[in-house]
Amino acid sequence: MLEKYKQASVQSKKFWTRALKLFSGGINHNIRTFGLDRCQAYPPFMERGEGSHLWDVDGNEYIDYWMTHFSMILGHNHPTIRKALDNQLAKGVHLGALNEHQVVFGELLQEAIPELKRMRFCSTGSEATGYAVRLCRLFTGKPLVAKVFGGWHGGNDALGYYLRYPFDDKPYYNGVSFEFNDRDSIDALMNKYGTKLAAVIVEPVIGAAGGIPPEPDFLSYLRVETAKRDILLIFDEIITGFRLCYGAAGTAVFNVEPDLITLGKIAASGMPLGVYGGREDVMALAAPGAPKGRWVGGGTFSSHPLSMVAGIATLNALRAGKEKYQSLNNIGERFCHQINEILPQTQAIAVGMGSIIFIHCLSRPIEEGPLTVTKLGDAFDKARTDLFQSLLVEEGVFGYHGLGGLSFAHSQNDLEVTLKAIETVLKTLK
Ligand SMILES: Cc1ncc(COP(=O)(O)O)c(C=O)c1O
């Protein structure tokens, strides 16, 4: 299995052998084996990226759909971002004080997402969601936070629970869960925990748990039910922000306004960034010495000048081409449809929205009705998905969650080559 890949990746194999002696599991992010280790192989070590393509240390070229965990909507090594970074580097890396770029970047974010009445920058999405939740607990004086089953909001203690199917509904620390796309599950959550909930956090389109778009009335129902009980609603837009439109998807695409928003990834084109912000009264508690406040924030690297200038260059480039989002979303949805046409219907499915495309191999058909994380989990065949993805890597298509996301740099040729690669992989999988 994967003999062609193994023969072509001698250097990666050497680095992998060394990495296993250094890092727990050989990796520094749990998913970066891309399932290849579970197929008696090892992940490629990447050396260089350009546009929609990556090259590994053995010189193999890949069409990339992982795009740095969905961050590179402008493509790898974008000249404008590189120039901004080069210019800033010449002045020193990080001076540990205020820099003008954070103000310019904050203003650009606020112009794109007016709901960000006040915000704070940190270095990762995991910090941003952790701080957002802390602020909600301070503001409401209530202990519990709810997230959807399978929802990934980073590796912090506040939200690192119910990540893997099968799920139960026992409280974890001060966290409880409910089902995405299931209004009954919102009702059950509210009946059981409504008076104790400080916040509900959800991605407008579920990322790591399946690439699942919301049913038309799900987010608005959640908004109504949370507002009724003074429960704060956080939209985690760390993947969806600046992916489906120039701004935040919650308000701009789904017409539902949360109390707080978290951002990262695309907003700084692959430089470390977390953003949390929203309502002025909630964010006021993050100010030093605020009555009822507690320590929120910190971070030696928060508002790091390199992240700030990358963010400014990214937003300027995306704003200048914001009318192109519609076409990227259309291309993504057509591509998803084309993939579904070649996948054997009961054995695999492509799911997503706009430029987000996940491919799931299935052990049985998904139960009918609105797609939920649990329904997907019931039918999901993890071992086969790992193999499908590993075989795609062997064919020169690099992704995770079965595929990943498109960028503005992907060409029609990339998509055609990918469809052919999927056909080849399916023949091997039979
Ligand atoms: C929706 C969502 N929230 C939060 C995070 C955590 O962000 P980071 O990896 O920058 O800590 C991620 C990362 O994958 C994410 O997808």
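This is a predicted model: local features need pLDDT of at least 70, side-chain atom pairs count only at pLDDT 80 or more; totals for chains, interfaces and linings use all residues.
Trainee: How is the chain divided into domains?

Mentor: Domain 1 covers 3–65 + 323–429, and domain 2 covers 79–320. Taken over C-alpha atoms, the centres of domain 1 and domain 2 are 26 Å apart.

Trainee: How many residues does the contact take from domain 1 and from domain 2?

Mentor: Domain 1 contributes 20 residues to the contact, and domain 2 contributes 22 residues.

Trainee: Which elements supply at least two residues each on the side of domain 1 that touches domain 2?

Mentor: These are α12 (324–342), β11 (348–353), β12 (356–361) and α13 (373–379).

Trainee: Turning to the ligand, how many residues surround it, and which are the closest?

Mentor: The ligand is surrounded by 15 residues, and the closest are T124, G125, S126, G154 and I238.

Trainee: Which helix gives the most to the shell around the ligand?

Mentor: That is helix α6 (residues 125–140), which gives 3 residues.

Trainee: What is the make-up of the shell by class?

Mentor: The shell around the ligand holds 9 polar, 4 nonpolar and 2 charged residues.

Trainee: Now the sheet of 7 strands: what is the strand order?

Mentor: The order is β4-β10-β9-β8-β7-β5-β6, in an open sheet with mixed pairing. The edge strands, each pairing on one side only, are β4 (118–122) and β6 (175–178). From one strand to the next, the twist averages 20°.

Trainee: How many bridges join β4 to β10, and in which sense do they run, parallel or antiparallel?

Mentor: Strand β10 (residues 274–278) is joined to β4 by 5 bridges, and the two run antiparallel. Opposite V275 in β10 stands F121.

Trainee: What about β1 and β2; what do they form?

Mentor: They form a hairpin with 2 residues between them, and G51 in the turn has a positive phi of about 60°. Strand β1 (residues 46–50) and strand β2 (residues 53–56) run antiparallel, joined by 4 bridges. E50 has H53 in β2 as its bridge partner.

Trainee: Which residue takes a positive phi in the hairpin of β2 and β3?

Mentor: G59 does, with a phi near 85°, and this hairpin has 4 residues between the strands. The pairing of β2 with strand β3 (residues 61–64) is antiparallel, over 3 bridges. Here W55 stands opposite E61 in β3.

Conventions. Residues are numbered from 1 along each chain as its sequence is written. A residue is near a molecule or strand if its C-beta atom, placed from the backbone, lies within 6 Å of it. Ala, Val, Leu, Ile, Met, Phe, Trp, Tyr, Cys and Pro count as nonpolar, Asp, Glu, Lys and Arg as charged, and the others, Gly among them, as polar. Domain bounds come from an automatic or database domain assignment. Two residues are in contact if their C-beta atoms, placed from the backbone, lie within 7 Å. Two strands pair if DSSP finds at least two bridges between them. Axes are lines fitted to C-alpha atoms, for helices over the stretch in contact, and angles run from 0 to 180 degrees between N-to-C directions.
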